[in-house]
Amino acid sequence: LIYVIDLKSVLDGTKALIFADDTKLIRAILGMMDKTALQLDLERVSLWSTRNNMALHENKFQVLSYSLTRVALLKELPFFAEASAYATSAGDFLYPVLDVRDLGVMLSSDGTFTLHISQITKKASLLSGWVFSVFRDRSPGVMLTLHKALIRPILEYCCLVWSPSLVGEIQAIENVQRCFTRRISGMEGLDYWERLRRLNLMSLQRRRQRYTLIHVWKIYHGLVPDS
């Protein structure tokens, strides 16, 4: 933190978000002047890293672009690639990508988290299958411990950022817990809500709502930043 805290001072109009060794440069691009300004700030960051003897992994640089308008037709134009590309100090060009993993969350250029939700539900489902194939003891105590320690964290990590509003995505996440609780001893033949009651669990949707309310309360009382 001592070595990177002054990085923001070399930027001119571009916002920097820094977490450990992960840095993001953010700027609204309303025209070629903004694009040029972002390119200059990228070069300033490269110079800053050289002065501080901190080599950047430029092969890991990625560009993610959000737009409020439909740009599908613009992408077919011959000048679009050049207008949206940025150059590294090594002379390589960075072109916008569709998806980027940022601190464990998949960000998509369309502003949705459909890909992230798809990936975490698939990962959690595979891990659930592994649990039931490895552990013979299906008692509630053992299964709930494994569920809370291994599976549920995958489905709730950073959920304040990507919490879904589409019914299909909500159900896809909930189905992981629905299928898991169905295979616990003593839960056979019970509907999902009765299983939750007997296992003293909340639905994943209700847990996300609870997290949101707690976070809003903390923002209101100034316990966490609102940005």
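The radius of gyration used in these legends is taken over C-alpha atoms, and the globule rule is 2.2 Å times the number of residues to the power 0.38.

**Figure 1. Overall view of the predicted model.** The structure shown is a predicted model. Its radius of gyration is 23 Å, whereas a compact globule of 227 residues would have a value near 17 Å. Along the principal axes, the C-alpha atoms fill a box of roughly 65 × 45 × 40 Å. Eight helices and eight strands make up the secondary structure.

Figure 2. The accessible surface comes to about 15,200 Å². Carbon and sulfur atoms hold 59% of that surface. Buried residues account for 30% of the 227 residues. The protein carries 28 positive and 22 negative side chains. The centres of these two sets of charges lie 11 Å apart.

**Figure 3. The largest nonpolar core.** In soluble globular proteins, nonpolar side chains tend to be buried together. The largest nonpolar core of this protein has 25 residues. Those with the most contacts inside the core are M143, I151, L155, W162, F180 and I184. At least two residues of this core are supplied by each of strand 8 (105-108), helix 3 (114-134), helix 4 (140-156), helix 5 (159-162), helix 6 (167-182) and helix 7 (192-199). Helix 4 gives the largest share, with six residues.

Figure 4. Which residues does I184 touch, not counting residues up to four places away in sequence? The residues in question are R138, S139, P140, M143, L144 and L199. A second, separate core consists of seven residues, among them L7, V10, L11 and W48.

**Figure 5. V4 in the segment before strand 1.** V4 lies in the segment that precedes strand 1 (15-19). Is V4 buried or exposed? The relative accessible area of V4 is 16%, and residues under 20% count as buried, so V4 is buried. Beyond its neighbours within four places in sequence, V4 is in contact with I18, W48 and M54. S49 is 45 residues from V4 along the chain, and the C-alpha atoms of the two residues are separated by 9.1 Å.

**Figure 6. P164 between helix 5 and helix 6.** P164 is placed in the loop that joins helix 5 and helix 6. Because its relative accessible area is 11%, P164 counts as buried. Setting aside residues up to four places away in sequence, P164 touches I117, E169, I170, I173 and R208. P164 and I117 stand 47 residues apart along the chain, and their C-alpha atoms are separated by 8.3 Å.

**Figure 7. Two residues with positive phi.** Most residues other than glycine have a negative phi. L103, which is not a glycine, has a positive phi near 50°. L103 is found in the loop between strand 7 (99-102) and strand 8. With a relative accessible area of 39%, L103 is partly exposed. N200 is also not a glycine and has a positive phi, of about 60°. The loop between helix 7 and helix 8 contains N200. The relative accessibility of N200 is 70%, and values over 50% count as exposed, so N200 is exposed.

**Figure 8. S227 in the segment after helix 8.** S227 has its place in the segment that follows helix 8 (204-220). Why does S227 count as exposed? S227 counts as exposed because its relative accessible area is 84%.

Notes:
Residues are numbered from 1 along each chain as its sequence is written. This is a predicted model: local features need pLDDT of at least 70, side-chain atom pairs count only at pLDDT 80 or more; totals for chains, interfaces and linings use all residues. Side-chain values use heavy atoms; hydrogens and water are left out. Helices (H or I, at least four residues) and strands (E, at least two) are DSSP runs, numbered from the N terminus. Buried means under 20% relative accessible area, exposed over 50%, partly exposed in between (1.4 Å probe, protein chains only). Accessible areas come from the Shrake-Rupley method with a 1.4 Å probe; for residues, only the protein chains shown count as cover. Lys and Arg count as positive and Asp and Glu as negative; His and the chain ends are not counted. The place of a charge is taken as NZ of Lys, CZ of Arg, CG of Asp or CD of Glu. A nonpolar core is a set of buried Ala, Val, Leu, Ile, Met, Phe, Trp, Tyr and Cys residues joined through side-chain atoms within 4.5 Å. Contact means heavy atoms within 4.5 Å.
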